[in-house]
Amino acid sequence: MGVKGFVEGGIAAVVAGCSTHPLDLIKVRMQLQGEIPTPTFSHHYRPAFAFYIYSSPYTAASTSSLHLPAPRLGPISLAFRIVQSEGLLALFFGVSATVLRQALYSTTSMGLYDLFKQRWTDPDTKTMHLTKKIAAGLMSGGIGAAVGNPADVAMVRMQADGRLPQAQRRNYKSVFDAIARISKQEGVASLWRGSSLTVNRAMIVAASQLATYDQIKETILEKGVMQDGMRTHVAASIAAGIVAAIASNPVDVIKTRVINMKVEVGKAPLYNGAIDCLMKTVRREGFKALYKGFLPTVSRQGPFTVVLFVTLEQVRKLLKEF
């Protein structure tokens, strides 16, 4: 399909990204929990529906020096906190960066995957072996991530901004303002900070997501379980979303922390690269920290993948004649 494959993938990705943006924002905020000590008297993990409520005779000023760990809020309680403290629209902070990211990353990766499928599909059986699907996903995801990394950096910064104290917030006006200010204040190279992690995560997500969707869809149709229609697309995409979330969450946590790290002249950075971030995170917070935000990740990855592939299939039908 050539260029058409890029167009179809881009349209589907932008629709899916915008519709699931609040879940992605909550995931980012959860992944950053525990990174910066804040005053609290709660030490345990909260369930998803727990509300963060406590009373104390101490003031924030008197406790700020104690550096006690922050409460591990679940996605529901965190969402309520964001809405209460920052307003409902805060759930869509960074949505312009999401649009740009999907337009760059997903358009590239899904378009390239489609090209690989055309080249590697067996002309007789009209199918492609699972290993080739995984290889196509790895390559297309990696290239797409390299192209879209600046938008990814801007998106994470914008999503995480509301959790910072008012004086420390960056207050980006848009994705383009974020990219311009990051370039000016930290150098153009900072737009590719964490790019190795972004590329690795994208390779894992694309390989697991695209390959799983195609493989399960083909299996369903071959076994005659369902016909090629909405139910088949939804079933295959749900499975693909779950597999992608499980495979990518640890890399996503480290990527989020490295990208969000604030670098100031004359001060040592919080992390000296991905390995240092991994070691410090596990040492300070335990191995389970690598699956922080997993519930919103899978909650977001599931709907995102469903919307992505269902939209993609519909767009393909609409553009079939072109």
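This is a predicted model: local features need pLDDT of at least 70, side-chain atom pairs count only at pLDDT 80 or more; totals for chains, interfaces and linings use all residues.

Modeller: Start with a term: two residues are in contact when heavy atoms lie within 4.5 Å. Now apply it to the protein chain. Take the contacts with a separation of 6 or more: residues 24 or more positions apart account for 80% of them. The chain has 322 residues, and buried residues make up 49% of these. Its secondary structure is 11 helices and zero strands. From the N terminus on, the order is α-α-α-α-α-α-α-α-α-α-α.

Now the close look, at α6 and α7. Helix α6 covers residues 130–160, and helix α7 covers residues 175–186. Their axes come within 9 Å and cross at roughly 100°. An angle of 65 to 115 degrees counts as roughly perpendicular, so α6 is roughly perpendicular to α7. Which residues meet there? On the α6 side they are P150, V153, A154, R157 and M158. On the α7 side they are V175, A178, I179, I182 and E186. The residues of this contact divide into eight nonpolar, no polar and two charged. An α-helix has 3.6 residues a turn, so residues three or four places apart point the same way.

One more helix deserves a look. Helix α9 takes in residues 230–260. A straight helix of 31 residues would span 45 Å, but α9 spans only 38 Å between its end C-alpha atoms. Where is the kink in α9? A kink of about 50° lies at S248, shortly before the proline P250.

Definitions and conventions
Residues are numbered from 1 along each chain as its sequence is written. Side-chain values use heavy atoms; hydrogens and water are left out. Helices (H or I, at least four residues) and strands (E, at least two) are DSSP runs, numbered from the N terminus. The expected span of a helix is 1.5 Å times one less than its number of residues. The bend at a residue is the angle between axes fitted to the seven residues ending there and the seven starting there. Axes are lines fitted to C-alpha atoms, for helices over the stretch in contact, and angles run from 0 to 180 degrees between N-to-C directions. Angles under 35 degrees count as roughly parallel, over 145 as roughly antiparallel, 65 to 115 as roughly perpendicular and the rest as oblique. Ala, Val, Leu, Ile, Met, Phe, Trp, Tyr, Cys and Pro count as nonpolar, Asp, Glu, Lys and Arg as charged, and the others, Gly among them, as polar. Buried means under 20% relative accessible area, exposed over 50%, partly exposed in between (1.4 Å probe, protein chains only).
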